[in-house]
Amino acid sequence: MVNFAAGPVMSNEGVLRIGAEQVPYFRTAEFSEIMFENEKLMKKFAYAEEDAKVVFLTGSGTASMEAVVMNVFDRTDKVLVVNGGSFGQRFTRLCEIYNIPFTEIRLEAGKALKPDLLEQYNGQGYTGFIVNVHETSTGVLYDMDLISQFCNKNNLFLVVDAISSFLADEFNMCKLGAGVMITGSQKALACPPGVSVIVLSCESVKRIEEKDVKSMYFNLKDAIDNAKRGQTPFTPAVQILLQINERLKEIDKSGGVIKEIKRVSSLASDFRNKIKNLPFKIVSESLSNAVTPLHPFSVSAYNIFLELKDNYGIWICPNGGELKDKIFRVGHMGCLTADDNDKLIWAFNDMKSKGLL
Ligand SMILES: *Cc1c(COP(=O)(O)O)cnc(C)c1O
């Protein structure tokens with residue numbers, strides 16, 4: 001099986017080996033050391049402030065999206081939410097659920113966020129801005145410099161969901177002035193799903209400490225307190241945290257975050273060059289290195305996914321809802337190589353010769 005999905009993605013041997021071992025007890029100095037190292041490397045790779053805090057939440061990415069919305073915003077805020085697909089939509093739902101006043105900036109599938117669209121929200125009393133750097137459902141990477149400038153000018157607290165972009169596209173939390181960055185274990189971190197990670201600037205820690213959130217599991221104040229001793233309030237997904245440790249150390253040893261981003265980016269370019277003669281069109285105005293969203297000219301996108309899965313042992317990523325038959329996505333995250341790209345291209349050509357493309 002070769003997996004080109006947008007998550008979970010394929011893990012390397014080191015990560016897989018840890019998954020086959022017994023799970024150790026975790027209220028120990030040894031486990032705390034591993035958590036401190038995880039925190040240190042996450043901060044390093046996200047270019048976070050020296051005194052930033054990192055929370056490792058057991059739950060998929062959405063758990064951290066929810067925890068962040070609950071813990072950093074309240075009814076006195078007025079938030080702008082970029083909604084260009086299903087992950088942006090998720091943040092608008094969370095604002096509704098927690099009664100946080102918000103305005104959504106709606107974008108059509110595949111469209112980038114342009115300066116003139118933001119213009120109208122200048123000086124309108126907003127206090128926060130929420131964006132998924134990479135809207136994975138449509139494969140659009142937003143212009144973070146533009147967003148950062150807008151937030152600076154209007155003094156907005158910036159929350160960034162970088163779940164599918166961290167380690168795939170350049171991201172500098174300090175430079176952007178982001179208050180929060182969220183990522184997840186099953187995207188470019190290339191571990192099993194189950195842990196999401198929240199990097200918190202000093203300003204956001206202050207925000208969290210001043211609020212009294214009504215939740216036990218999603219209380220970030222509690223999580224930050226426990227993190228001071230390298231622990232979590234409740235039993236975490238111990239094994240995934242050990243796998244994250246393995247992966248972060250491996251990236252650090254083999255050249256760091258820039259090198260890892262280059263690796264993903266060259267895999268993405270390799271794939272994009274090789275599909276030039278296939279009957280597809282790339283349907284994003286601004287691509288991430290993480291995913292290539294494709295529109296097939298004459299067959300259903302979903303049928304391509306089924307055919308590859310059932311007859312070639314290859315997984316790509318289908319879309320849901322109204323994009324189901326129009327778009328499929330090919331991921332470049334995880335333990336993939338240019339040879340794997342060749343296998344997928346071979347399968348596409350074979351399908352073409354059989355009239356299936
Ligand atoms: C994968 C992803 C998430 C999280 O989804 P989960 O299924 O909860 O892990 C959130 N935002 C983006 C942009 C994603 O790509």
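**Cavities and pockets**

By the rule used here, there are two cavities of 30 Å³ or more. The rule works on a 1 Å grid over the protein atoms alone: a cavity is a set of points where a 1.4 Å probe fits but cannot get out, whereas a pocket is an open set with protein on both sides within 12 Å along at least five of seven lines. A residue counts as lining if it has an atom within 4 Å of a point. Grid points are joined across faces, edges and corners, and a volume is the space filled by probe spheres set on the points.

Some housekeeping. This is a predicted model, in which local features need pLDDT of at least 70 and side-chain atom pairs count only at pLDDT 80 or more, while totals for chains, interfaces and linings use all residues. Residues are numbered from 1 along each chain as its sequence is written, and side-chain values use heavy atoms, with hydrogens and water left out.

The largest cavity holds about 230 Å³ of space. Its lining has 22 residues, and those nearest the centre are Val-55, Phe-56, Ala-223, Thr-232 and Pro-233. Helix H2 (29-46), strand E2 (53-58) and helix H9 (220-227) each give two or more residues to that lining. Which element gives the largest share of it? That is E2, with five residues. Helices (H or I, at least four residues) and strands (E, at least two) are DSSP runs, numbered from the N terminus.

By class, the lining of the largest cavity is 14 nonpolar, six polar and two charged. Here Ala, Val, Leu, Ile, Met, Phe, Trp, Tyr, Cys and Pro count as nonpolar, Asp, Glu, Lys and Arg as charged, and the others, Gly among them, as polar.

The second largest cavity has a volume of about 30 Å³. Asn-71, Ile-208, Lys-211, Val-213, Asn-219, Leu-220 and Lys-221 line it.

The largest pocket contains about 390 Å³ of space. It is lined by 17 residues, with Asp-169, Glu-170, Phe-171, Asn-172 and Lys-175 closest to its centre. Helices H6 (144-154), H7 (173-176) and H11 (256-274) each supply at least two lining residues, and H11 has the largest share, at four. The classes are 10 nonpolar, one polar and six charged.

The second largest pocket has about 300 Å³ of space. Gly-85, Ser-86, Gly-320, Glu-322 and Leu-323 lie nearest its centre, out of 15 lining residues. Its lining has four nonpolar, eight polar and three charged residues.
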